[in-house]
Amino acid sequence: MTFRTASRALAAATAALALTLVTGCTGDEAAGNDPERVDVVAGFYPLQFLAERIGGNAVAVTNLARPGAEPHDLELNPRQVGQIIDAELIVFLHGFQPAVDEAIEQHGGDHAFDVAEVEPLLDATAGGHDHDHGDDHDHSDEKSDGAKDPHVWLDPTRLATIGDKLAERLGAVDPDHADEYTQRAGALRTELEKLDTEFTEGLKTCQRREIVVSHTAFGYLAQRYQLEQIGITGLSPEDEPSPQRLATVTEEAREHGATTIFFETLVSPKVAETIAREVGAQTAVLDPLEGLSAEGGGQDYLSVMRTNLQTLRTALSCS
Ligand SMILES: [Zn+2]
Ligand SMILES: [Zn+2]
């Protein structure tokens, strides 16, 4: 018995045990292994969206992140590790969810599709706001060793490119449906390019271009549409902003006449509210689309992005 099969067997046993212990829950729908369809596991929502849109009926997609939960700090339970082991394709973004990276390193090697490998990531500082060089040193972990910004899905044109590559990979896994995958990726590209045009037009003429956001998730969006991101926390929403960082952001918000401080659906709005109160601004949701909110409400990537566009147009007084 090789190490790989041994660890497979062990993980499967652990997973089965966990399933029985935890709930005796609703059965095997999560177990996958539908012989008719390609079992795809996605790390978090935008990758699920891509896999579902491009895979259509030929795939069964499982999202590792729960709806309504912030996915950066996702921890995997044994059942999910089992899903990673059994998946025919795992779609993930190296550097975004450390627990997923680790599980794939151990169990996923030959059946993983790394988004960061098909679409080069920007440096963590891209789309930033930089007349305050001194202060940016606060973001020590972002600046050091060429750290990369994982939030690549917030540029619709880059997401379209990732979609094309995912279609190729699905076609290699499941050659019978390769043409379908290519076709659906093309249709999705058309929709994403339309969205991109709406953003370009909608944000062309605005009174302000600085956006004060809760974590620096919007580097790709900012770069694509010539906005400047001022993040309260760093690349991960779990980072606590230092008092100096709070003071700097408050000062920046004042200096640039920000009318709105943005917060996110999946993390606490507390800090954004504090700054907003301080400078007499409002707060509004700018959704980094790391996951859909628990209510969902029939939203998807495209509809949430369009809501973001309206929010930005209002906050930045665009004509
Ligand atoms: Zn993030
Ligand atoms: Zn400034």
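Glu264 is in contact (heavy atoms within 4.5 Å) with Ser214, His215, Leu286 and Pro288, leaving aside its neighbours within four places in sequence. The structure is a predicted model in which local features need pLDDT of at least 70 and side-chain atom pairs count only at pLDDT 80 or more, while totals for chains, interfaces and linings use all residues. Residues are numbered from 1 along each chain as its sequence is written, chains are lettered from A and ligands numbered from 1 in the order in which they are written, and side-chain values use heavy atoms, with hydrogens and water left out.

**Surroundings of Glu264**

Glu264 belongs to the loop between strand 7 (260-263) and helix 12 (270-279); helices (H or I, at least four residues) and strands (E, at least two) are DSSP runs numbered from the N terminus. Its side chain forms a polar contact of 3.0 Å with the side chain of Ser214. A polar contact is a pair of N or O atoms within 3.5 Å; within protein, one must be able to donate a hydrogen and the other to accept it, and residues adjacent in sequence count only if both atoms are side-chain atoms. Glu264 is buried but has no salt bridge, and Arg245, the nearest side chain of opposite charge, is 13 Å away. Buried means under 20% relative accessible area and exposed over 50%, with partly exposed in between (1.4 Å probe, protein chains only). A salt bridge requires a side-chain nitrogen of Lys or Arg within 4 Å of a carboxyl oxygen of Asp or Glu; Lys and Arg count as positive and Asp and Glu as negative, whereas His and the chain ends are not counted.

**The zinc site**

His215 (NE2) also coordinates the zinc ion (ligand 1), together with His72 (NE2), His151 (NE2) and Glu290 (OE), at 1.8 to 2.0 Å. Donors are N, O and S atoms within 2.8 Å of the metal (3.2 Å for Na, K and Ca); water is not among the atoms, so sites may look incomplete. The site is tetrahedral, with angles of 100 to 116° among its four donor atoms; for four donors this term requires all angles to lie between 85 and 135 degrees. Along the chain the donors follow the spacing H-x78-H-x63-H-x74-E. His72 and His151 link distant parts of the chain, being 79 residues apart.

**Accessibility of selected residues**

| Residue | Relative accessibility | Class |
|---|---|---|
| His72 | 9% | buried |
| His151 | 0% | buried |
| Gln226 | 55% | exposed |
| Leu289 | 0% | buried |
| Asn308 | 4% | buried |

Leu289 has a positive phi of about 55° although it is not a glycine.

Notes:
Four donors count as tetrahedral if all angles lie between 85 and 135 degrees; four count as square planar and six as octahedral if opposite donors are over 155 degrees apart and all others between 65 and 115; anything else is irregular.
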